[in-house]
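Subject: Structure for your review

Dear colleague,

Please find below the structure I am handing over to you.

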Amino acid sequence: MKKTIFIAPLVLQKVDLNESQYVIASDVIAGRYVDGDRTNGDVIVKNGVEYEIEASGTVTLEDGFNVEKGATFAVYPSCF
């Protein structure tokens with residue numbers, strides 16, 4: 001079962017996404033060096049995970065964003 005979470009904005013850096021989730025966010029940015037206040041590192045959507053984002057703003061995927069074979073990553077527009 002996917003957990004739904006609400007985040008505005010969503011910043012992903014140095015994290016393994018190993019739990020299926022449905023995320024509702026405004027702007028989204030993900031990658032190795034997207035937030036100077038955090039430790040640098042890749043974002044990896046792990047095998048078997050379904051990670052979906054409903055975004056009302058911009059979505060930026062930078063260097064260091066990876067989706068493993070067997071994982072699902074999807075972004076949908078939102079009007080909220």
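Arginine 38 is partly exposed, with a relative accessible area of 39%. In this predicted model, its side chain meets that of aspartate 35 in a salt bridge, at 3.1 Å from N to O. Aspartate 35, by contrast, is buried: its relative accessible area is 18%, and the cut-off for buried is under 20%.

How many salt bridges does the structure hold? There are three, and the remaining pairs are described below.

Lysine 46 and glutamate 68 form a salt bridge through their side chains, again with an N to O distance of 3.1 Å. Lysine 46 counts as partly exposed, at 27% relative accessibility. Glutamate 68 is partly exposed as well, with a relative accessible area of 29%.

A further salt bridge joins aspartate 42 to arginine 32, and the closest N and O atoms of this pair are 2.6 Å apart. Both residues belong to the loop between β5 (28-30) and β6 (43-45), where they are ten residues apart. Aspartate 42 has a relative accessible area of 30% and is partly exposed. Arginine 32 is likewise partly exposed, with a relative accessible area of 26%.

With kind regards

Note on methods:
Residues are numbered from 1 along each chain as its sequence is written. This is a predicted model: local features need pLDDT of at least 70, side-chain atom pairs count only at pLDDT 80 or more; totals for chains, interfaces and linings use all residues. Side-chain values use heavy atoms; hydrogens and water are left out. A salt bridge is a side-chain nitrogen of Lys or Arg within 4 Å of a carboxyl oxygen of Asp or Glu. Helices (H or I, at least four residues) and strands (E, at least two) are DSSP runs, numbered from the N terminus. Buried means under 20% relative accessible area, exposed over 50%, partly exposed in between (1.4 Å probe, protein chains only).
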